[in-house]
Structures are given as structure tokens and as C-alpha cells.
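Colleague: I would like to learn how to read the contacts and packing in a model such as this one. Could you take me through it feature by feature?

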Amino acid sequence: MIAFLRSALYMLLLVIITPPYAIFTLACFPLSPHARYRVTSTWTHIILFLLHHICGLRYRILGAENIPKTPSIVLSKHQSAWETLAFQKIFPPQVWVLKKELLRIPFFGWGLAMTSPIAIDRSAGRSALDQVVEQGHDRLKNGFWVVIFPEGTRIPPGRKGRYRIGGAWLATHTNTLVVPVAHNAGELWARNAFTKKPGTITVSIGKPIDPAGMEANELNLLVENWIENEVAHISQRQPAERITDPSTNNNNA
């Protein structure tokens, strides 16, 4: 009951804060992409502060020393909404590969559009991969990191979705380091769950992988194996069970 009440207070403050901040963010459109990112990420820091002090949702980082000094590609497990917030604090300025439909969400999507995301049509097959490479190369060249959730959607703890090749494809076509990331955020903030359980999320950052000389499929499998093994380790769960999201069966990116 206490966790529910804390989550309700968090949600109330979120609803109060987000609309005016989104409008303020839109007013920053004339600024440079990096300046706009600093503005939008401030909202994220506020939300993380609320999650910490109201909901008791904390986190610890393993392998922080593995974060490269140059723009890289983060390939991460996706269990919760939490990592989409926390990664903005953990990693340098970044853009995300995401479904273009998300940009239509009032306030949240509008603010998201100001962060120069790589917004793609996931049903476009090979064309979607071309979009990722073209836009990803541009963002990396301009000093942004690229964050990709290979499973494409949030997967419950203890289970595993199909790892799409888009992130590995971008890495091998731009010769960019890949940083694999595992975490157990879904154990405290489950997909679509209103209540956030108090506790400490573990984020494990693996050693960067140089894609030179590797095929995209080879790199993708290497990342998948490391992430899934590390998730099983930090969550103390049994090895993940593969599941398939029926809405993305034909999605190659």
C-alpha cells in the first residue's frame, strides 16, 4: 500500500511537471541539437530525483570504467521505462532508435522529438536498416551516442525477445564501438506497472566491443549472449526464455 501511495504521488507530480516543461522544450527549437538535449535531459534528471526520493527507486552501476571516451553505440536490455530515463544520466549525450509513432504522443513525444532521435518505420524491413545507418552515422559524427534496445520492446524479467540486427548493423557499417548493457529494472518497475517497488536497480556495463572484421549477425549474437548471461547473473533468475512479440515478427531492424 505504501509503494502504491508513493507511486501515486510520483504520478501526480509527473502530470503536473511534464506539460509545461514540454512546452518550454519546444520553445528551445532554435537552439543547437546539443543545447536542446541539455534542456530535455534536465526533465529526466528531475524525474529520476522524484523516483529516488518518493518511490525509493535507486540504482548502482557496475563497470562504469568501461564507458568509452568517444561516441559509441549502447545495446541494452529493455525491461522498463526506467532505463530510458536513467541512461540519459549514466551515458554522455545520446539519441535513441525508436518507433516514429512515439513522437506523436502529446507532450512526451513532442519533447522526445527535440532530442534528434533516429525515428524509423520498423515495418520497412531493409529500408529501416538503411534509415538507422544513415541517421546513426550523422548523429555519431555530431558527437551523440546512439542507444538501441535490440529486443525492440520491453520484455518481462526472466524472459527474452528476439534481438534485432539494427544496432549491430549500424556498428559494423560505421565501425563504431558497441557497449553492451544489462540491468534488472523490470524487477522493480515492471512493464506498464503503476506501482514502483522501492529498491536498488543494478546496471552492468560491459567492455566495449570493436566491430572491426565482424559480420552484423556475429556481433549481434555476441552482444545477446553477454547481455542475457549478465542479466541472469545480476537478477539471480534462471536463464531467460525466448519469446516473440507477434506485432514485430517481420521487423528486421
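Modeller: Let us begin with a salt bridge, meaning a side-chain nitrogen of Lys or Arg within 4 Å of a carboxyl oxygen of Asp or Glu: Lys77 forms one with Glu228, and their closest N and O atoms are 2.8 Å apart. Lys77 lies in the loop between β2 and α3 (82-90), whereas Glu228 belongs to helix α7 (residues 216-235), so the pair ties together parts that are 151 residues apart in sequence. Side chains of opposite charge can pair when their charged atoms come close. A search of the whole structure finds four salt bridges. This is a predicted model, in which local features need pLDDT of at least 70 and side-chain atom pairs count only at pLDDT 80 or more, while totals for chains, interfaces and linings use all residues. Residues are numbered from 1 along each chain as its sequence is written, and side-chain values use heavy atoms, with hydrogens and water left out.

Colleague: In what order do the seven strands of the open sheet come?

Modeller: Helices (H or I, at least four residues) and strands (E, at least two) are DSSP runs numbered from the N terminus, and two strands pair if DSSP finds at least two bridges between them. Here the order is β1-β8-β7-β2-β5-β3-β4, with mixed pairing. β1 (57-62) and β4 (118-120) stand at the edges with a single partner strand each, so one side of each has no neighbour in the sheet. Strand β3 (residues 94-99) runs parallel to β4 and is joined to it by three bridges; in β4, Ile118 is the bridge partner of Val97.

Colleague: Which strands does helix α6 lie across?

Modeller: For such angles, axes are lines fitted to C-alpha atoms, for helices over the stretch in contact, and the angles run from 0 to 180 degrees between N-to-C directions. Helix α6 (residues 166-174) lies across β2 (73-76), β5 (145-148) and β7 (178-183), running at about 155° to β2.

Colleague: At what angle do the axes of α5 and α6 cross?

Modeller: Angles under 35 degrees count as roughly parallel, over 145 as roughly antiparallel, 65 to 115 as roughly perpendicular and the rest as oblique. The axes of helix α5 (residues 126-141) and α6 come within 9 Å and cross at roughly 55°, which makes α5 oblique to α6. Contact means heavy atoms within 4.5 Å, and among the residues that make it are Leu129 and Val133 of α5 and Trp169 and Leu170 of α6.

Colleague: How do helix α1 and helix α2 pack?

Modeller: Helix α1 (residues 2-26) and helix α2 (residues 33-53) pack at about 170° with their axes 11 Å apart, which makes α1 roughly antiparallel to α2. Residues including Leu14, Ile17 and Tyr21 in α1 meet a set in α2 that includes Trp43, Ile46 and Leu50.

Colleague: And what of α2 and α3?

Modeller: α2 and α3 pack at an angle of about 120°, their axes being 9 Å apart. Among the residues that meet are Trp43, Ile47 and Leu51 in α2 and Trp82, Leu85 and Lys89 in α3.
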